[in-house]
Amino acid sequence: MGTTNTLHPAAASGFAQQADAYARGRPDYPQAVLPWLGEQLGLQPAWQVLDLGAGTGKFSRYLLDSGAQVTALEPVAAMRAKLASLPGLRVLDGTAEAIPLPDASLDAVFAATAFHWFATPATLAEIARVLRPGGWLVLLFNVRDESVDWVAAMSAIMQPYEGDTPRYRKGDWRKVFPAPGFSALQQVDFPYLHRGAPEQVIVDRVLSVSFIAALPDPERAKVHAALTELIATHPALAGQAEIALPYRTELYCCQRR
């Protein structure tokens, strides 16, 4: 992660402090994604694939279920500790700009809710280096449905703190496409509902956001209090043991020429 070989401070500090909240509060990915990857891209057990910026392994688990040979690359030690619990997963320390794998050694590179951290021409050149000709780059983003008023309110609590932190919603990651050596970017969307207790789906989700996790304790406590008030007072949330946060999982893919 990061736009150079060093991590953005929000990622380095925030993800290290809130790896547990990340594992609890981040949504998984729709079950329909894996069959789509098999049917449309040809993902199969013989493939060598990389989960780039793998975090706590939310998407690595899906890739392992495909039977493919999966390597996870993650620069934050606290996140790598979570990855170590996944049987069959090869875990490496490193960044997207210096992938510690040989040339043309991979059939696909995946970045799940991560590419906005390292969306640079240098990263794409490095991804092109490790992909075999015809190999795939696949980007996934879980996007909250802010047409739902309480989801929009949740986002509004976070927004004042984001500063210069790279985020999917800012759209800067798109500027590196079209990219030399790759086909045009294609998009397909999947609906997803993240179900669970409000404390998991809302509180842990927000506290795991890099720039929130990196806040000083008093500021983070204010965010926590605002989220708690939202849960206690919003008619759709108050008194609910389980809620469903609506997402749209956007999948983008392009092929190494």
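Predicted model: local features only at pLDDT ≥ 70, side-chain atom pairs only at ≥ 80, totals over all residues.
**Reading the sheet and its helices**

Trainee: Which strands, in what order, make up the open sheet?

Mentor: Helices (H or I, at least four residues) and strands (E, at least two) are DSSP runs numbered from the N terminus. Two strands pair if DSSP finds at least two bridges between them. Here the open sheet has 7 strands in the order E3-E2-E1-E4-E5-E7-E6, and its pairing is mixed. Strand E3 (90-92) and strand E6 (186-196) are at the edges; each has a single partner strand, so one side of each has no neighbour in the sheet. On average, neighbouring strands of this sheet are turned by 20° against each other, direction ignored.

Trainee: In what sense do strand E5 and strand E7 pair, and over how many bridges?

Mentor: Strand E5 (residues 131-144) and strand E7 (residues 243-255) are antiparallel, paired over 9 bridges. Within E7, Cys-253 is the residue opposite Val-138. In a regular strand the side chains alternate between the two faces of the sheet. E7 also pairs with E6, again in the antiparallel sense, and 11 bridges join the two. In that pairing Tyr-247 of E7 has Tyr-192 opposite it.

Trainee: How many residues of E7 are buried?

Mentor: A residue is buried under 20% relative accessible area, exposed over 50% and partly exposed in between, with a 1.4 Å probe and protein chains only. In E7, 10 of the 13 residues are buried, and the strand is mostly covered.

Trainee: Which strands does helix H6 lie across?

Mentor: Angles run from 0 to 180 degrees between N-to-C directions, and axes are lines fitted to C-alpha atoms, for helices over the stretch in contact. Helix H6 (residues 121-130) lies across strand E1 (48-52), E4 and E5, and its direction is at about 130° to E5.

Trainee: How do helix H7 and helix H8 cross?

Mentor: Two packed helices are described by the angle between their axes and the distance between the axes. For helix H7 (residues 149-158) and helix H8 (residues 198-207), the axes come within 11 Å and cross at roughly 25°. H7 is therefore roughly parallel to H8, since angles under 35 degrees count as roughly parallel, over 145 as roughly antiparallel, 65 to 115 as roughly perpendicular and the rest as oblique.

Trainee: Which residues make the contact?

Mentor: Contact means heavy atoms within 4.5 Å. H7 contributes Trp-150, Met-154 and Met-158, and H8 contributes Val-201, Ile-202, Arg-205 and Val-206. By class these are 6 nonpolar, no polar and 1 charged; Ala, Val, Leu, Ile, Met, Phe, Trp, Tyr, Cys and Pro count as nonpolar, Asp, Glu, Lys and Arg as charged, and the others, Gly among them, as polar.

Trainee: At what angle do H7 and helix H10 pack?

Mentor: H7 and helix H10 (residues 217-233) pack at about 170°, and their axes are 10 Å apart. H7 is thus roughly antiparallel to H10, and the crossing is right-handed. Trp-150, Ala-153, Met-154 and Ile-157 of H7 meet Val-223, Ala-226, Leu-227 and Leu-230 of H10. The contact of H7 with H10 has 8 nonpolar residues, no polar and no charged ones.

Trainee: Where is Ala-104 found, and what is its phi?

Mentor: Ala-104 is in the loop between E3 and E4. Its phi is positive, about 50°, although Ala-104 is not a glycine. Ala-104 counts as partly exposed because its relative accessibility is 35%. Thr-113, in the loop between E4 and H6, also has a positive phi, near 50°. Thr-113 counts as buried, because its relative accessibility is 18%.

Trainee: Which peptide bond is cis?

Mentor: The bond from Phe-177 to Pro-178 is cis, its omega being near 0°. Pro-178 lies in the loop between H7 and E6.

Terms used: Residues numbered from 1 in each chain as written. Heavy atoms only, no water. Left-handed = near helix turned anticlockwise from the far one by under 90°.
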